Amino acid sequence: MSDAARSRASRARLEALGAAMRGTLVLPDHQGWGEASAAWNLAFVQRPAAVALPADVADVQLLMAAARDTGLGVTVQPGGHGPHGGDLHDCILVRTAAFDELTIDAAARTARVGAGVRWGRLLHELEGTGLVALAGSNPTINIAAFTLGGGHSSLGRSFGLAAHSLLALEMVAADGRALRVSGGDDDELLWALKGGGGQFGVVTALEFRLHPAPASGQLYGGKLTFPAAVASPVLRALADVAASAPEPLSISAVMMVLPDLPMVPEAFRGQSVVTVDIVSQLDRDATERVIEPIRSAGPVVADTVAPFGIGRLPEVFAEPVDPVPALEWSALMGPVTHIAVDALAAAFAEGAALGLSLLQIRPLGGALGRAVTPPAVAGVAGVLTAGALLGAAGFVFDPAMIPGIDAALQKVRDAAAPHAVRGRVVTFLAPGEDLGAAYGAPELARLRAVKERVDPEGMIRSNRPLPAA
Ligand SMILES: Cc1cc2nc3c(=O)[nH]c(=O)nc-3n(C[C@H](O)[C@H](O)[C@H](O)COP(=O)(O)OP(=O)(O)OC[C@H]3O[C@@H](n4cnc5c(N)ncnc54)[C@H](O)[C@@H]3O)c2cc1C
């Protein structure tokens with residue numbers, strides 16, 4: 001068959017899929033294509049063969065069959081905070097928004113959510129239940145995407161990675177079978193799904209453990225903002241506090257250039273600042289005693305620290321919720337020392353002049369690094385024995401900024417290199433990186449064996465694929 005004939009046949013098969021689905025199939029010449037095909041991170045242009053918005057499991061099974069018939073891959077992208085980096089021309093891109101079920105079983109301390117549910121909604125629903133969930137810093141992140149990649153939460157020092165709390169998943173496998181994966185039925189697949197990302201099927205629902213909120217029902221914390229001029233003393237204080245902080249207290253720091261936009265108070269527009277984000281399950285007095293060295297490390301120019309309910313957790317971090325174009329980098333580092341934070345502060349100052357927007361230090365510890373018994377509960381995500389998670393990003397407001405941001409990220413990479421340790425959290429891998437950056441040879445071999453068993457033809461394409469053996 002000629003290329004043109006193959007392309008016509010493929011188009012006809014996709015049109016037949018669109019007609020058969022209860023949900024929607026958007027093709028490149030359809031209205032709304034731009035919005036349907038775009039990732040949250042707008043720095044990456046995507047041109048998939050089609051975008052599918054399945055309404056139910058039967059639709060997912062139909063699209064698997066169509067992908068097989070047309071030789072296309074299937075890739076799920078609920079939001080695209082973590083885009084693939086490629087243009088996806090040989091894939092059907094699946095959006096899971098219609099899978100919006102949400103049930104909280106307060107007595108059993110579990111939640112069941114559809115694969116379209118984002119953290120902000122679940123946190124809101126948890127208000128007043130006396131329970132918390134292991135959400136990340138941004139309310140727009142999809143719970144399934146986050147958990148499949150391990151998922152680092154500011155509550156993780158008490159309760160581990162989000163993947164550790166995963167109890168069961170429902171998914172459609174590449175051969176179209178609808179599976180329920182929980183402990184005891186396919187332990188190896190469950191192990192792989194806990195941190196191995198989206199390569200094993202299209203997940204439609206997941207169930208996970210919730211955790212007790214403090215007896216008062218309230219958390220305590222918020223954001224302390226300092227001028228960038230005191231970044232070094234603030235970060236040194238953060239390092240000292242992090243070394244001995246009790247597990248229920250989590251602190252992280254972000255050096256950032258505030259955008260020159262109306263949403264930022266006028267006095268801070270375009271300014272560099274360092275912020276310290278605090279999330280504590282301790283009460284006000286106990287928390288304030290621990291963070292006092294940070295407060296007194298420099299002039300606090302803005303302070304949102306107060307009691308809050310779990311529904312307002314994302315407000316502590318106050319991250320952008322609208323799509324932004326960004327280039328990113330992350331790493332794990334060993335102990336958070338004064339030498340390390342000074343080097344990072346210097347790299348941020350140099351990088352900011354080149355277009356770097358932020359550099360974040362998230363100290364780890366506690367349950368994040370403690371062995372989980374049996375180890376299968378932790379899944380391939382395992383435990384994080386590193387001292388801190390580092391992340392950096394440059395917002396690409398203009399393509400001309402890209403060389404400067406690349407150079408700035410290289411400066412950060414160089415500053416972090418002497419302090420970096422092996423391993424990564426999969427949710428923080430950058431576009432173009434694969435699981436080889438996160439896991440060692442034994443874990444990769446186990447993941448490949450699972451992939452070979454459930455998707456021998458490699459039809460399901462993850463944003464963070466397995467490297468070639
Ligand atoms: C501002 C910001 C803050 C962040 N904060 C945190 C944080 O605190 N902690 C943290 O761990 N991460 C954090 N991240 C990283 C984030 O978790 C990843 O970008 C992750 O990819 C989730 O993004 P998303 O919900 O847009 O999912 P996408 O980027 O759209 O999806 C990521 C991948 O997950 C897989 N996937 C998703 N859904 C399914 C499904 N139903 N079936 C099969 N596979 C699926 C696919 O392989 C997909 O490519 C943050 C990212 C940003 C931009």
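Author: Let us begin with how elements are named: helices (H or I, at least four residues) and strands (E, at least two) are DSSP runs, numbered from the N terminus. Pro374 is found in the loop between strand E18 (358-363) and strand E19 (388-395). The model is a predicted one: local features need pLDDT of at least 70, side-chain atom pairs count only at pLDDT 80 or more, and totals for chains, interfaces and linings use all residues. Residues are numbered from 1 along each chain as its sequence is written.

Reader: What makes the peptide bond that joins Thr373 and Pro374 a point of note?

Author: The bond between Thr373 and Pro374 is cis, with omega about -15°. Most peptide bonds are trans, and most residues other than glycine have a negative phi.

Reader: Which phi value does Leu88 have, and why is Leu88 called buried?

Author: Phi of Leu88 is near 65°, a positive value in a residue other than glycine. Leu88 lies in the loop between E3 and strand E4 (91-94). A residue is buried if 20 or more other C-beta atoms lie within 10 Å of its own, exposed if 12 or fewer, and partly exposed in between, with C-beta atoms placed from the backbone. Leu88 has 25 C-beta neighbours inside 10 Å and therefore counts as buried.

Reader: Why is Ala318 called partly exposed?

Author: Ala318 has 15 other C-beta atoms within 10 Å, so it is partly exposed. Its phi is also positive, about 45°, although Ala318 is not a glycine. Ala318 sits in the loop between helix H10 (313-317) and strand E17 (326-333).

Reader: What makes Val76 count as buried, and which residues does Val76 touch?

Author: Val76, in strand E3, counts as buried because it has 26 C-beta neighbours inside 10 Å. Two residues are in contact if their C-beta atoms, placed from the backbone, lie within 7 Å. Not counting residues up to four places away in sequence, Val76 touches Val94, Thr96, Gly198 and Val202. Gly198 is 122 residues from Val76 along the chain, yet their C-alpha atoms are separated by 7.3 Å.

Reader: How many residues does the largest nonpolar core have, and which touch the most other members?

Author: A nonpolar core is a set of buried Ala, Val, Leu, Ile, Met, Phe, Trp, Tyr and Cys residues joined through C-beta atoms within 7 Å. The largest has 157 residues, and those touching the most other members include Leu63, Val74 and Ile92. Helix H8 (residues 231-244) gives the most to this core, with 8 residues. Beyond four places in sequence, the contacts of Ile92 include Leu63, Ala67, Leu72 and Val74.

Reader: Which residues of the shell are closest to the ligand, and what classes make up this shell?

Author: A residue is near a molecule if its C-beta atom, placed from the backbone, lies within 6 Å of it. There are 32 residues surrounding the ligand, and the closest are Gly79, Gly82, Gly136, Gly198 and Asn463. Helix H5 (143-148) and strand E10 (202-209) are the elements that give two or more residues to this shell. The largest share, 4 residues, comes from H5. Ala, Val, Leu, Ile, Met, Phe, Trp, Tyr, Cys and Pro count as nonpolar, Asp, Glu, Lys and Arg as charged, and the others, Gly among them, as polar. By these classes, the shell has 13 nonpolar, 18 polar and 1 charged residues.
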